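This report goes through one protein model, from the overall fold down to individual side chains. Please keep the sequence and coordinates at hand.

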Amino acid sequence: MSSRETTTFRSGMTLALAALALAGCAAMDSRQPEDIVRERATKRAEAYVKSDFAGAYALLTPTYRKVRDVDAYRRGFGAGAVWQKAEVASVACEAQRCKVSLRVSVKPLIPGMFNDTITVQFEETWLLEDGNWWLHQPL
């Protein structure tokens, strides 16, 4: 093997080992699923409040991300309201699925219709996929 091939091989092995280490960290998380999902759902909610669609997209299931890119995901949202505040109200998990209830304060962007924020509550589904919890987004 030439020195160039050796360097390429070592770089590939380093990347592979890093990927395995990161996957192992997720698999070794000893917290309850509810705690993990609450943390991830909070992170996603905070991304929405900041209009950070790329950050929110990163928490979608790998299956969804294989089919739709971040720009397609972003285009799926209209300009009807902006999230002002969001919090995870509750998390209830089964073996492979968690239901998260979110309480969100939104500022509607419809002129003359609403002057204040509106608080709504809705439920989302998080799925265990590839050893981690991800938000399920319908296609």
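The text below covers the fold, the disulfide, the aromatic pairs and the charges over rings.

This is a predicted model, in which local features need pLDDT of at least 70 and side-chain atom pairs count only at pLDDT 80 or more, while totals for chains, interfaces and linings use all residues. Residues are numbered from 1 along each chain as its sequence is written, and side-chain values use heavy atoms, with hydrogens and water left out.

**Fold and surface**

The protein has five helices and four strands, taken as DSSP runs numbered from the N terminus (helices H or I, at least four residues; strands E, at least two). Their order from the N terminus is α-α-α-α-α-β-β-β-β. Of the contacts (heavy atoms within 4.5 Å) with a separation of 6 or more, 52% are between residues 24 or more positions apart. The accessible surface is about 9200 Å², and carbon and sulfur atoms contribute 55% of that; areas come from the Shrake-Rupley method with a 1.4 Å probe, and for residues only the protein chains shown count as cover. Among the 139 residues, 26% are buried; buried means under 20% relative accessible area, exposed over 50%, and partly exposed in between (1.4 Å probe, protein chains only).

**Disulfide**

There is one disulfide in the structure, a disulfide being a pair of cysteine sulfur atoms within 2.5 Å. Cys93 and Cys98 form this bond, with 1.9 Å between their sulfur atoms. The torsion about the S-S bond is about 105 degrees, so the disulfide is right-handed. Cys93 is partly exposed at 22% relative accessible area, whereas Cys98 is buried at 0%.

**Aromatic pairs**

Rings of Phe, Tyr and Trp (its six-membered ring) pair if their centres lie within 6.5 Å; planes under 30 degrees apart count as stacked, over 60 as edge-to-face and the rest as tilted. The count comes to five aromatic pairs, including the two tabulated here.

| Pair | Centre to centre | Plane angle | Class |
|---|---|---|---|
| Tyr48 and Phe53 | 5.8 Å | 80 degrees | edge-to-face |
| Tyr57 and Tyr73 | 5.7 Å | 50 degrees | tilted |

Tyr57 in helix H3 (residues 53–57) and Tyr73 in helix H5 (residues 70–75) are 16 residues apart, and their pair links distant parts of the chain. Tyr57 is buried at 12% relative accessibility, and Tyr73 is buried at 2%. Tyr48 is buried at 8%. One aromatic cluster is formed by Tyr48, Phe53, Trp83 and Phe122.

**Charges over a ring**

A charge sits over a ring if NZ of Lys or CZ of Arg is within 6 Å of the ring centre and within 35 degrees of the ring normal. Arg40 lies over the face of Trp134, 4.6 Å from the ring centre. Arg65 lies over the face of Trp134 at 4.7 Å from the ring centre.
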